[in-house]
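Thanks, everyone. Let me put the model up and walk you through a few places in it.

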Amino acid sequence: MIKKIAAILLTAWVGVLYGQQTAQTPTQTPTQTPTQAITNPPIAPAASAVTPATTAATATAASAKKFDAVAATQTFMNRLQGEARAKSDAYDEGGYWLLLWNLLYGLAVAWLLLSMGISARIRDFVEQRTRHKNLQTLFYVLAYVPLTALLTLPISFYEGFYREHQYDLSNLSLMKWLGEAGISLGVDMVITGIAVTGLYAILRRLPRTWWAWGAMAGAGFIMLLIMAAPVFISPLFNTFKPLPAGPIRDDILSMARSNGIPVDNVYYSDASKQTKRVSANVNGLFGTIRITLNDNLLNRTSPAEIRAVMAHEMGHYVLNHGIKHTVAFTLILFGGLLFIKYSWEWAAAHFGSRFGVRSISDPAGFPLLAALFSIYIFLATPVYKTVIRTAEVEADIFGLNAAREPDGFAEAIFKLSEYRKLEPGIAEEFIFFDHPSGYNRIYSAMRWKAENLKY
């Protein structure tokens, strides 16, 4: 359960750390190796002789028939029909239900740990080993994280392995998936150990205002994670190499320089060993800023799509979305800790003594604290989804202006249709979507194209 909560918060704070993702579609381009994609971009048609009269006639004809953004968008929508459309919708809609099933499953695990006295026995065990309060909390977490990982393995397996293969999105074998799950468990133990130990230290020292100090400490901790992720965490799962010299690298660095992004290199990762999705990001802070794209993006999309996707990702950096997300989600965390403060009093009065929990600062009560916070996060889904979605709209517009590749952007977004519903309802998009719908994003590109054809 705590793993699911941490995943939501980290995704929200980092914003678009794994931002633009695209799955394989029937309209896939021929596979190339990364080096081939970089050094052998599609050859442009040979230029033909054009007279001034021909140019003038063409311009007149183009202006006479205005580009229809709505019709162009609908053309994209019509490309996904029948079984393929049903599969796309089913994957996304199944994800809505998983929000609920993860909540209920996590609450059941928390109830199990509390009602059977397991949490209290773990606390008693660590108290017998050390008198240092911070070490007691840390040792408790180091036992709690792998235990809950084991208890939640069935739903994690379904969501992370079985379902991904069911929809043809994963390239991992079962053994490799379990191996990466083990690495994730190790990372979770370190991150959760530090975060929870710090939270309980604040709870003990500042019992009246812990919720305010906890939110501020959380914001600082997440910023440290943003800086550490590109250098220390991401390489645990993938190999990152400098993108070889070539037109694609030159285009990306040129866009970076023109938009004030302080990098002098571009990296690509071997994500194809895990997934068919395309991914790129500009992440990190201060000295750890890094531009990264995966090998799926290089092998399965055109140079125009790559430029469009990378310009979108640069938009997140230039528009300071990392900092803005930190502020927004600190406020959401602030509300969550307040929710825990007041709901704890009711929960402890009804269940505390039965569970062997002494107070809110007792680590044995952590499953209850995590359960309350997971309920809050579930109820706040439309809020944090809207925060992220709003930033994505801004990055889309920035990317269109920076790369000037509306067709490339539209094609890249269309690839998302294998696992993102293209045309959700208004309420559906507001509640569940952390990116604009495929229809809205493609229409945004076609609208930009219509307004800029004259230039």
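Start at Leu153, which sits in helix α8. Helices here are DSSP runs of H or I with at least four residues, strands are runs of E with at least two, and both are numbered from the N terminus. This is a predicted model, where local features need pLDDT of at least 70, side-chain atom pairs count only at pLDDT 80 or more, and totals for chains, interfaces and linings use all residues. Residues are numbered from 1 along each chain as its sequence is written, and side-chain values use heavy atoms, with hydrogens and water left out.

Buried means under 20% relative accessible area, exposed means over 50%, and partly exposed is in between, with a 1.4 Å probe and protein chains only.

Leu153 belongs to a nonpolar surface patch with Leu150, Phe157, Tyr158, Tyr162, Leu174, Met175 and Leu178. Together they have about 760 Å² of accessible area, by the Shrake-Rupley method with a 1.4 Å probe, where for residues only the protein chains shown count as cover. Patch residues have over 30% relative accessible area and no salt bridge; like charges are joined within 9 Å, and nonpolar side chains (Val, Leu, Ile, Met, Phe, Trp, Tyr) within 5 Å. A salt bridge puts a side-chain nitrogen of Lys or Arg within 4 Å of a carboxyl oxygen of Asp or Glu. α8 gives the most to this patch, four residues.

Now go inside. The largest nonpolar core has 38 residues. Such a core is a set of buried Ala, Val, Leu, Ile, Met, Phe, Trp, Tyr and Cys residues joined through side-chain atoms within 4.5 Å. Among the members touching the most others are Tyr144, Trp210 and Trp344. Elements giving two or more residues include α5 (82-115), α7 (133-151) and α10 (210-233). α14 gives the most, with nine.

What does Trp210 touch? Leaving out residues up to four places away in sequence, its partners are Leu199, Ile202, Leu203, Leu337, Ile340, Lys341 and Ile360. Contact means heavy atoms within 4.5 Å.

Next, the strands. β2 (residues 240-242) pairs antiparallel with β3 (residues 266-269) over three bridges. Pairing requires at least two DSSP bridges between two strands. Lys241 stands opposite Tyr268. β3 also pairs with β5 (residues 290-294), in the parallel sense, over four bridges. There, Tyr267 has Thr292 as its bridge partner.

Last, the whole protein. It has 19 helices and five strands. Of its 455 residues, 49% count as buried.
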